[in-house]
Amino acid sequence: MKILQLTVVGVVLVLLVRLFYLQVVDDSYKTRADNNALRYMVQFPPRGEVYDRNGRFLVQSKEAYDLMATPREVGPFDTAAMSRILGVPVEQIRKELDKASRFSRRRASVLFKQLPKEVKVRLDERNFPGFFTVYRTVRSYPTKIAGNLLGYVGEVDDRIIERNSYYRSGDYIGRSGIELAYEDVLRGEKGVKIEMVDVHGIPQGSYAGGMYDTLPSPGVAITCTIDARLQALAEELMAGKVGSVVAIEPETGEILVMASSPTYDPDELVGRERGNNYMKLLNDRRRPLFNRAVMASYPPGSTFKTVNGLIGLQEGVLVPSQTYPCHGGYPYGRGVKCHNHWSPIDLMGAVQTSCNAYFCYVFRNIIENRKYGNIQQGLDVWDDYVRSFGFGRKLGSDFTGELNGNVPTSSFYDKAYRGRWNGLTVISLAIGQGELGCTPLQMANFAATIANRGYYKIPHVVKRIHDRDSIDGWFYEKHYTKVDSKHFDPIVEGMYRAVNVDGGSARMARIEGIDICGKTGTAQNPHGADHSTFMCFAPRNNPKIAVSVYVENGRWGGIAAAPIASLLTELYLTDTVTRPQLVEYVKNLQINYPYYGK
């Protein structure tokens with residue numbers, strides 16, 4: 001009997017001790033109960049601003065709010081009043097609530113995104129049960145320029161969430177351009193605010209006086225290499241045209257302009273109309289979302305003749321004074337036509353007039369050089385030279401979406417022609433045609449390489465990250481070509497003559513008082529008129545800017561691309577444009593684009 005009594009007493013004591021522990025010592029149950037009355041709200045940081053090289057705002061963040069709801073806490077409310085405040089039909093509010101309930105009745109869901117502050121204030125005044133707003137920021141673009149360069153921000157998808165634990169449903173991420181390339185810098189770090197709510201979901205104040213809240217850390221600001229005024233002029237001159245403009249500071253590799261045309265107002269991809277605007281841009285046959293500066297591959301055309309001239313000099317199969325005849329073109333094989341100019345002609349004159357025949361002779365001398373065992377070896381040597389200028393591969397820029405371009409190899413031709421090919425088979429490479437393809441960024445980098453007499457620094461679009469002492473060291477390194485610097489002088493002389501001497505192919509690019517050096521190109525196009533292309537740098541000595549312009553279907557390089565490059569060069573070097581008639585000429589150029597439907 002006593003044993004039974006002691007057992008009962010023991011059990012009771014154990015239960016009392018356990019009860020005391022649960023109610024006094026262990027607060028986990030209390031915490032779980034509190035959780036039923038606590039709301040954890042993510043605090044989203046403002047993204048870092050983006051400035052141009054002169055401190056002008058390119059991208060800012062402005063205040064916005066998401067309307068959230070926890071379905072089980074939503075009580076009867078005035079749907080008509082909410083409809084008036086939000087500016088949406090009552091049916092849409094009900095539809096969003098129904099979707100949120102299907103997702104989870106206990107967890108909060110976003111109903112309407114990116115609401116302005118005045119809407120948030122009016123919602124708070126009505127105090128709708130179960131509804132609350134969360135602070136956000138949205139991007140704002142004061143200059144309305146550089147849409148493809150800056151990129152846009154969009155909501156994360158399931159694939160991104162699975163790949164990166166930082167993001168949750170409803171978060172935003174950089175989707176293209178600088179916003180994507182520097183996402184980790186710009187996004188900041190999220191915080192959490194814990195709020196007490198009553199049974200109706202009405203806020204009752206901060207939990208524990210905010211002791212457990214964490215503040216968000218704002219994103220870091222970035223200073224871009226872009227010159228906003230120069231970018232705006234490039235976009236103005238390219239309006240109505242298809243193509244791109246890239247300008248680089250040769251000494252640093254900093255990209256001064258990256259304009260793709262057609263472009264778009266980046267503010268179109270912000271706010272509640274973003275989805276509709278995105279679909280409109282996506283369905284535009286001229287592809288304004290496609291950044292032609294780094295994603296389009298064009299035949300370089302006659303601008304590439306300077307590459308072959310440099311390789312010929314380095315290989316010793318050419319000296320600057322050497323002349324070749326040109327009587328309307330290169331006469332061998334199927335022939336390559338040329339325009340009227342004096343003959344015979346030397347290297348500087350061939351660059352000045354853009355002689356096709358001259359560089360056909362030079363190219364064949366390179367790849368058919370007897371010191372190489374066969375033409376395959378000769379072409380592979382040529383290929384190595386070309387790639388050393390940055391063609392046929394990504395340059396390693398800090399910009400997303402960069403294309404390789406194409407430089408054909410001997411193995412490609414062996415396969416294409418079953419080993420039966422010779423210099424005449426691939427003669428189009430002499431004048432930048434055939435299987436060659438390059439991006440406008442690569443051609444601008446090549447112009448900077450000539451300006452530097454044989455080296456380049458990796459082109460990049462960010463000049464400074466504001467919490468760091470310097471950018472990636474990769475962008476400070478010099479990358480030398482396989483051509484000695486001494487061989488660049490005759491090419492530079494020819495480019496100077498092309499712009500500044502009668503008979504030059506780029507006389508429309510001439511700027512009074514500025515020694516601009518340039519090379520025109522007319523790139524064959526299977527979808528209509530030839531593309532107009534031009535590359536240049538200035539001044540001749542101690543150059544400050546190198547430019548590449550592509551105008552699709554613009555025909556000759558000297559009449560469409562060259563004037564655009566010239567005007568940009570003038571503005572950058574003199575801070576003004578003194579040729580308004582040339583500006584109007586460029587704006588009024590009528591170019592047809594049958595490939596794009598108009």
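Me: Let me start with a pair of helices. Which residues in H13 meet which residues in H19?

Reply: Thr 306, Gly 309, Leu 310 and Leu 313 are the H13 side of that contact, and they meet Phe 488, Pro 490, Ile 491 and Met 495 in H19. Sorted by class, this contact of H13 with H19 has six nonpolar and two polar residues, and no charged ones. Do keep in mind that this is a predicted model.

Me: Thanks. How are two packed helices described?

Reply: The general idea is to give the angle between their axes and the distance between the axes. Take helix H13 (residues 305-315) and helix H19 (residues 488-500): they pack at an angle of about 150 degrees, and their axes are 9 Å apart. That angle makes H13 roughly antiparallel to H19. H13 passes H19 in a right-handed crossing.

Me: Now another pair. At what angle do the axes of H10 and H20 cross?

Reply: The axes of H10 and helix H20 (residues 561-574) cross at roughly 160 degrees and come within 10 Å. Angles over 145 degrees count as roughly antiparallel, and H10 and H20 are therefore roughly antiparallel to each other. Here, too, the crossing of H10 past H20 is right-handed.

Me: What does H10 use to meet H20?

Reply: From H10 come Arg 229, Leu 230, Leu 233, Ala 234, Leu 237 and Met 238, and from H20 come Ile 564, Leu 567, Leu 568, Leu 571 and Tyr 572. By class, the contact of H10 with H20 has 10 nonpolar residues, no polar ones and one charged residue.

Me: What about H15 and H16: at what angle do they pack?

Reply: Helix H15 (residues 356-367) and helix H16 (residues 375-388) pack at about 115 degrees, with axes 7 Å apart. That makes H15 roughly perpendicular to H16. Phe 363, Ile 366 and Ile 367 of H15 make the contact with Ile 375, Gly 378, Leu 379 and Trp 382 of H16. By class, the H15 contact with H16 has six nonpolar residues, one polar and no charged.

Me: Let's turn to sheets. How do strands of a sheet pair?

Reply: They pair through backbone hydrogen bonds, and the strands may run parallel or antiparallel. In this model, you can find an open sheet of five strands in the order E12-E11-E20-E19-E18, with antiparallel pairing.

Me: Which strands stand at the edges?

Reply: Strand E12 (254-261) and strand E18 (517-523) do; each has a single partner strand, so one side of each is left without a neighbour in the sheet. From one strand to the next, the twist averages 5 degrees. To see the pairing in detail, look at E11 (residues 243-249), which is joined to E12 by seven bridges, the two running antiparallel. Ile 248 stands opposite Ile 255 in E12.

Me: Which strands does H10 touch as it packs on the sheet?

Reply: Helix H10 (residues 228-238) touches E11, E12 and strand E20 (545-551), and its direction makes about 25 degrees with that of E12. Helix H18 (residues 440-451) also packs on the sheet, touching E11, E12, strand E19 (531-538) and E20; the direction of H18 makes about 145 degrees with that of E20.

Me: Now for charges. How many salt bridges does a search of the whole structure find?

Reply: The search finds 29. One to look up joins the side chains of Glu 155 and Lys 113, at 1.9 Å from N to O. This pair links distant parts of the chain, with Glu 155 in strand E6 (residues 153-155) and Lys 113 in strand E4 (residues 109-115), 42 residues apart.

Me: Last, the backbone. Is the peptide bond from Ser 261 to Pro 262 cis or trans?

Reply: That bond is cis, with omega near 5 degrees. Pro 262 has its place in the loop between E12 and helix H11 (274-282). The peptide bond from Ala 538 to Pro 539 is cis as well, with omega near -15 degrees, and Pro 539 is found in the loop between E19 and E20.

Me: And is phi of Arg 287 positive or negative?

Reply: Phi of Arg 287 is near 55 degrees, a positive value in a residue other than glycine. You will find Arg 287 in the loop between H11 and helix H12 (292-295).

Technical notes
Residues are numbered from 1 along each chain as its sequence is written. This is a predicted model: local features need pLDDT of at least 70, side-chain atom pairs count only at pLDDT 80 or more; totals for chains, interfaces and linings use all residues. Side-chain values use heavy atoms; hydrogens and water are left out. Two strands pair if DSSP finds at least two bridges between them. Helices (H or I, at least four residues) and strands (E, at least two) are DSSP runs, numbered from the N terminus. Axes are lines fitted to C-alpha atoms, for helices over the stretch in contact, and angles run from 0 to 180 degrees between N-to-C directions. Contact means heavy atoms within 4.5 Å. Angles under 35 degrees count as roughly parallel, over 145 as roughly antiparallel, 65 to 115 as roughly perpendicular and the rest as oblique. A crossing is left-handed if the near helix is turned anticlockwise from the far one by less than a right angle, and right-handed if clockwise. Ala, Val, Leu, Ile, Met, Phe, Trp, Tyr, Cys and Pro count as nonpolar, Asp, Glu, Lys and Arg as charged, and the others, Gly among them, as polar. A salt bridge is a side-chain nitrogen of Lys or Arg within 4 Å of a carboxyl oxygen of Asp or Glu.
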